[in-house]
Amino acid sequence: GVVVRNGKVRVIRNGETMFEGEIASLRRYQEEAREMRAGQECGIKIKGFNQVVIEDVLEIFVIDKIAQTL
């Protein structure tokens, strides 16, 4: 998978969705990153949520709007 900076994030704790919002920043070491691939370490700051605990699961997703064709 890929984590993108402009993506949405869902924080899941014990099977329940605790928060759903946007990624505020994505960092690799001290530098801002646009995207991170699976297997790489990074820091993720979530806009409006700072109570992430060790067992939380982060689901990262992107919503694409596709024009309807007839």
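Reply: Start with exposure. Buried means under 20% relative accessible area, exposed means over 50%, and partly exposed lies in between (1.4 Å probe, protein chains only). This is a predicted model; local features need pLDDT of at least 70, side-chain atom pairs count only at pLDDT 80 or more, and totals for chains, interfaces and linings use all residues. Residues are numbered from 1 along each chain as its sequence is written, and side-chain values use heavy atoms, with hydrogens and water left out.

Now the salt bridges. The term stands for a side-chain nitrogen of Lys or Arg within 4 Å of a carboxyl oxygen of Asp or Glu. The whole structure holds eight of them.

One of them joins Lys-8 to Glu-22, at 3.3 Å from N to O. Lys-8 sits in strand E2 (residues 8-13) and Glu-22 in strand E3 (residues 16-28), so the pair ties together parts 14 residues apart in sequence. Strands (E) are DSSP runs of at least two residues, numbered from the N terminus. Glu-22 is partly exposed, at 35% relative accessibility. Lys-8 is partly exposed too, at 27%.

Strand E2 also holds Arg-13. Its side chain meets Asp-56 in a salt bridge of 2.7 Å, N to O. Asp-56 lies in the loop between strand E6 (43-46) and strand E7 (57-61), so this pair ties together parts 43 residues apart in sequence. Asp-56 is buried, at 13%, whereas Arg-13 is partly exposed, at 22%.

Glu-35 and Arg-37 form another bridge, at 3.2 Å from N to O. Glu-35 is partly exposed, with 38% relative accessible area.

Conventions. Helices (H or I, at least four residues) and strands (E, at least two) are DSSP runs, numbered from the N terminus.
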